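Student: Please take a close look at a single residue and its surroundings. I would like one connected account of where the residue sits and what lies around it.

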Amino acid sequence: MEESFDDCIACLLTSGRLPPPGGRIHRTTYWIVEHCVGALGVGALIVKPERHVLHVADLIDGEAAELGPLLRDAARVTTALTSPEQVYVSLWSHAGGEPGHIHYVVQPITRVVMDEFGYGPRVHVEMFAADRPLDLDAVGVFAEEARRLFAARARLA
């Protein structure tokens, strides 16, 4: 089943037709950084190509060249704002069992998160099962600070 861009939540968020919580945080030539819309907690970022891409193998050279430094910067921003024990970076790309718009989840894992939900791959399963709504006010504060840090990183580069 071929996914249409109108059915792709990543494309809807990128286009602004479905506003991401906290608004867009950062953009490079090829990539978008937004706050996660799911139950992964405040500070979980999504790093996704602006272009609808289903497979990492299909990234063009410019997308691939920006990816590593951007994931590092997203992890640095997340670390600066949440002081986690670890920052998990994982590729997600399925929607209904079919490949979907690839995106990386950059998620702070604090001691509080580990004490409640565990660690490793289990943490995602447990957090989604708990299905706690995002504190949108806290996401807004996080997003504003994250924008400031990304902008500061860009000026220092």
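Tutor: In this predicted model, Thr-78 is in contact with Gly-43, Leu-45, Ser-83, Pro-84, Val-87, Val-106 and Pro-108, leaving aside its neighbours within four places in sequence. Thr-78 itself is part of helix H2, which covers residues 61-82. Thr-78 counts as buried because its relative accessibility is 0%, and the cut-off for buried is under 20%.

Now the sheet. Five strands form an open sheet in the order S1-S2-S3-S5-S4, with antiparallel pairing. Its edge strands are S1 (26-27) and S4 (86-95), each of which pairs on one side only. Helix H2 packs on this sheet and touches S1, S2 (31-35), S3 (45-49), S4 and S5. The direction of H2 makes about 35° with that of S5.

One of the contacts of Thr-78 is Leu-45, and Leu-45 has Val-106 in S5 as its bridge partner. Val-106 is also among the residues in contact with Thr-78. S3 and S5 pair in the antiparallel sense over three bridges.

S3 is mostly covered, with five of its five residues buried. Leu-45, Val-47 and Pro-49 point one way from S3, while Ile-46 and Lys-48 point the other way. In a regular strand, side chains alternate between the two faces of the sheet. S3 is also joined to S2 by five bridges, and these two strands run antiparallel; Val-33 has Val-47 in S3 as its bridge partner.

On the other pairing, S4 and S5 (residues 98-109) run antiparallel and are joined by nine bridges. There, His-94 stands opposite Pro-99 in S5.

Technical notes: Residues are numbered from 1 along each chain as its sequence is written. This is a predicted model: local features need pLDDT of at least 70, side-chain atom pairs count only at pLDDT 80 or more; totals for chains, interfaces and linings use all residues. Side-chain values use heavy atoms; hydrogens and water are left out. Helices (H or I, at least four residues) and strands (E, at least two) are DSSP runs, numbered from the N terminus. Buried means under 20% relative accessible area, exposed over 50%, partly exposed in between (1.4 Å probe, protein chains only). Contact means heavy atoms within 4.5 Å. Two strands pair if DSSP finds at least two bridges between them. Axes are lines fitted to C-alpha atoms, for helices over the stretch in contact, and angles run from 0 to 180 degrees between N-to-C directions.
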